[in-house]
Amino acid sequence: TQSSFNPEVISNNIGIFPNPFEHDATISYTLDNADNNVTIHVENVLGQILGRYNASQSSGEYSISLKSIAPIISKGLYFIKISINQNESIHKVIYQ
């Protein structure tokens, strides 16, 4: 299989903080292109999608609360899949 690594993803300055978190976490990212398709999935360790966020966004800095995407989650380990113009990155977060 061919890797879909794209350095553009790194330039999006994706951050999730605090991590671990007790009440909520903030997902932040910067978009450099004028027209971007953004998808964020919150998944549990079984791969079940607990929440989705989809948007078309222009260049700029953005942030969204994790609980606004997946309001009903319990303590545990989660994976945040962020796709920007089909370049995907996966981030591990812990709700404690």
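## Strands 3 and 4

Strand 3 (residues 36-44) and strand 4 (residues 49-57) run antiparallel and are joined by eight bridges. Two strands count as paired if DSSP finds at least two bridges between them. Strands (E, at least two residues) and helices (H or I, at least four) are DSSP runs, numbered from the N terminus.

Glu43 stands opposite Ile49 in strand 4. The hairpin of strand 3 and strand 4 has four residues between the strands, and Gly47 there takes a positive phi near 85 degrees.

## Basis of the model

The model is predicted: local features need pLDDT of at least 70, side-chain atom pairs count only at pLDDT 80 or more, and totals for chains, interfaces and linings use all residues. Residues are numbered from 1 along each chain as its sequence is written, and side-chain values use heavy atoms, with hydrogens and water left out.

The open sheet has four strands in the order 4-3-6-7, with antiparallel pairing. Strand 4 and strand 7 (87-95) are the edge strands, each pairing on one side only.

## The whole protein

The protein has two helices and seven strands. From the N terminus on, the elements run α-β-β-β-β-β-α-β-β.

Of the 96 residues, 35% are buried (under 20% relative accessible area, 1.4 Å probe, protein chains only). Among contacts (heavy atoms within 4.5 Å) between residues at least 6 apart in sequence, 53% join residues at least 24 apart.

Definitions and conventions:
Buried < 20%, exposed > 50% of the residue type's maximum accessible area, 1.4 Å probe, protein only.
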